[in-house]
Amino acid sequence: MTPAVEVNQVKKRFGTLIALEGIDLKIDQGEFFALLGPNGAGKTTLIHILAGLTLASSGTARVMGHDVVTGYQEARRLLGVVPQELVFDPFFTVRETLVIQSGYYGLKKNDSWIDEIIHRLDLTEKANTNMRALSGGMKRRVLVAQALVHKPPVIVLDEPTAGVDVELRQGLWRFIQELNKDGHTIVLTTHYLDEAEVLCNRVAMLKQGKIVALDTTQNLINSISGISLRLRLSPGPMPVTLEPLVRSRSEGYCTLTVKEYSEIEQVLGALRKAQLRVLEMKLMQPDLEEVFVKIVGSKSDQDRL
Amino acid sequence: MTGFYTLLHKEVQRFWKVSLQTILAPMLTTLLYLLIFSHVLEEHVQIYPGVAYTVFLIPGLVMMSVLQNAFANSSSSLIQSRVTGNIVFVLLAPLSHREIFMAYVLASVVRAGVVGIGVYLVTWCFFDVPLRSLPWVLLFSLLGSALLGTLGIIAGIWAEKFDQLAAFQNFIILPLTFLSGVFYSIHSLPAFWQGLSQLNPFFYMIDGFRYGFFGVSDVSPYLSFGIVVICFMAVSWLTLRMLKTGYKLRH
């Protein structure tokens with residue numbers, strides 16, 4: 001089966017800045033795939049190369065087997081992109097926007113599908129409202145609708161839930177999951193690692209223009225052994241026997257890693273002996289966020305970069 | 001062709017929805033020029049024998065508004081789309097560079113035509129302007145507006161900010177139109193300035209257009225036609241290349 005997305009040795013330079021350093025990536029049809037990484041890692045650049053918004057310095061990219069440069073018209077027909085920025089054309093209403101977008105893809109009689117996406121994205125009441133008058137969340141829904149007007153088999157969402165309220169976020173994911181069940185390939189970038197963990201079957205992590213991890217979500221999580229124990233303790237020195245277990249300390253919290261649940265008892269015993277009181281305790285299973293922190297660096301890197 | 005037609009339709013709707021600013025305002029400006037210049041100069045100047053100055057002025061002013069509005073349409077649409085970011089919807093679609101080119105140029109031609117016809121009709125109510133040859137009038141207005149619409153695409157893509165576009169308009173387009181013989185015949189100029197005027201492609205557009213009305217012009221309309229066609233082809237070639245390579249549009 002032709003891969004939905006195939007990227008071979010794609011490099012991208014902006015002047016002296018190297019945005020992508022030889023990316024190889026294959027995403028099969030029907031996958032729900034996440035591109036994760038700190039800001040500036042190259043996620044959006046990679047998406048823009050697939051969409052033809054950016055031209056790769058070298059290497060090739062294909063969508064459903066069509067080269068994004070030499071076969072750009074076919075490649076673009078098979079791809080729907082939800083851009084990261086909240087962009088809109090202030091001259092038109094929601095419905096006009098969708099009719100125009102259909103026309104760009106050569107579709108003249110697309111009204112029944114437009115009605116359906118308007119309905120499924122809960123835009124019915126706003127269908128004849130000018131884009132300017134919509135809230136941010138509503139504009140985001142229209143962007144999703146615009147990416148779907150031509151029923152593309154491959155859908156790319158660049159941070160679709162940034163700045164979106166919880167209710168819309170859930171509704172949006174439900175819709176995207178349905179599309180995935182119907183056979184659409186979904187590629188997304190997000191900063192919400194919990195969302196990626198629940199939704200995506202496979203994950204690529206990018207750092208400084210390179211893929212540093214590429215595996216199924218489950219394999220990545222399984223790669224972390226042990227259970228995390230997050231504690232807030234009364235003041236006092238930590239017993240020496242526990243020091244090797246400490247993984248991190250921040251803002252009064254101390255995180256320890258234990259291999260098995262039975263070790264927790266020993267930890268608590270050592271604390272009692274040292275006369276340290278446990279003020280707060282939380283047990284944490286390994287999750288994608290932990291994998292991310294381990295592979296890419298601390299989560300706060302995301303905000304700093 | 002649906003893609004091209006949709007983009008053309010969208011571009012026409014864009015200016016039509018704000019026609020107070022894109023059609024009526026330039027019409028008013030042009031009519032004010034006519035009112036003031038004809039009042040000041042009517043009794044002092046006669047350029048072509050037997051043609052009143054105001055009547056001489058009308059075709060030039062019509063053409064000037066045609067050219068300026070053709071340029072304004074494509075350039076302002078593109079810079080707005082680029083600054084606000086919604087150009088992405090055009091760039092994501094499977095539109096070819098030729099389709100994008102034709103849609104923006106034709107939308108400019110349509111707006112220029114609406115403004116030009118509007119100005120002409122208003123003046124027609126008050127003045128008796130002869131119309132010797134409609135084909136020449138149509139030919140030069142279509143070619144001229146297509147040329148300026150194309151220049152507008154270049155400016156709209158080249159400019160990063162609104163003030164750079166304004167500079168392009170104020171320091172290149174405006175002087176070239178004003179010095180092209182809208183308000184005078186270049187035969188009234190000293191030899192040096194006459195020679196310089198003949199290097200201005202806008203002169204040939206105005207001169208050829210005016211020939212269609214009076215059957216008189218500073219140079220042969222065939223020469224003007226040839227020069228305008230060559231300019232249009234050169235500028236179109238450059239614009240198509242810019243669109244094809246994605247200059248400043250696809251980074």
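**Exercise 1. Determine whether A:His191 is buried, partly exposed or exposed, and locate this residue in chain A.**

Step 1. The count for A:His191 is 16 other C-beta atoms within 10 Å. A residue is buried if 20 or more other C-beta atoms lie within 10 Å of its own, exposed if 12 or fewer, and partly exposed in between, with C-beta atoms placed from the backbone. A:His191 is therefore partly exposed.

Step 2. The loop that holds A:His191 lies between β8 (185-189) and α7 (193-199) of chain A. Helices (H or I, at least four residues) and strands (E, at least two) are DSSP runs, numbered from the N terminus.

Step 3. A separation of 9.9 Å lies between the C-alpha atoms of A:His191 and A:Pro160, which are 31 residues apart along the chain.

Conventions. The model is predicted, local features need pLDDT of at least 70, side-chain atom pairs count only at pLDDT 80 or more, and totals for chains, interfaces and linings use all residues. Residues are numbered from 1 along each chain as its sequence is written, and chains are lettered from A and ligands numbered from 1 in the order in which they are written.

**Exercise 2. Assign the buried and exposed residues of helix α4 (residues 111-120) of chain A to its sides.**

Step 1. The buried residues in α4(A) are A:Ile114, A:Ile117 and A:Ile118. They are on the same side of α4(A) because they cover an arc of only 105 degrees around the axis; the arc is that of the directions from the helix axis to the C-beta atoms.

Step 2. A:Ser112, A:Glu116 and A:His119 are exposed on the other side of α4(A).

Step 3. The cover over the buried residues of α4(A) includes α3 (94-104) and α5 (136-148) of chain A. Contact here requires C-beta atoms, placed from the backbone, within 7 Å.

Step 4. After α4(A) comes A:Asp122, with a positive phi near 60 degrees.

**Exercise 3. Which strands stand at the edges of the open sheet of 4 strands in chain A?**

Step 1. The strand order is β2-β1-β4-β5, with antiparallel pairing.

Step 2. β2 (17-27) and β5 (66-67) of chain A each have a single partner strand, so one side of each is left without a neighbour in the sheet. These two strands stand at the edges.

Step 3. Strand β1 (residues 5-14) of chain A is joined to β2(A) by 8 bridges, antiparallel. A:Arg13 lies opposite A:Ile18 in β2(A).

**Exercise 4. Trace the pairing of strand β13 (residues 253-258) of chain A.**

Step 1. Strand β11 (residues 227-233) of chain A pairs with β13(A) in the antiparallel sense over 6 bridges. A:Arg232 stands opposite A:Tyr253.

Step 2. Strand β12 (residues 246-250) of chain A is also antiparallel to β13(A), joined by 4 bridges. A:Tyr253 is the bridge partner of A:Ser250.

Step 3. A hairpin is formed by β12(A) and β13(A), with 2 residues between them. In the turn, A:Glu251 has a positive phi of about 45 degrees.

**Exercise 5. Which residues of the largest nonpolar core touch the most other members?**

Step 1. A nonpolar core is a set of buried Ala, Val, Leu, Ile, Met, Phe, Trp, Tyr and Cys residues joined through C-beta atoms within 7 Å. The largest core has 146 residues, of which A:Leu50, A:Ala145 and A:Val156 touch the most other members.

Step 2. Helix α3 (residues 53-84) of chain B gives the most to this core, 15 residues.

Step 3. With neighbours within four places in sequence left aside, the contacts of A:Leu50 include A:Val5, A:Ala61 and A:Val156.

Terms used. Two residues are in contact if their C-beta atoms, placed from the backbone, lie within 7 Å. Two strands pair if DSSP finds at least two bridges between them.
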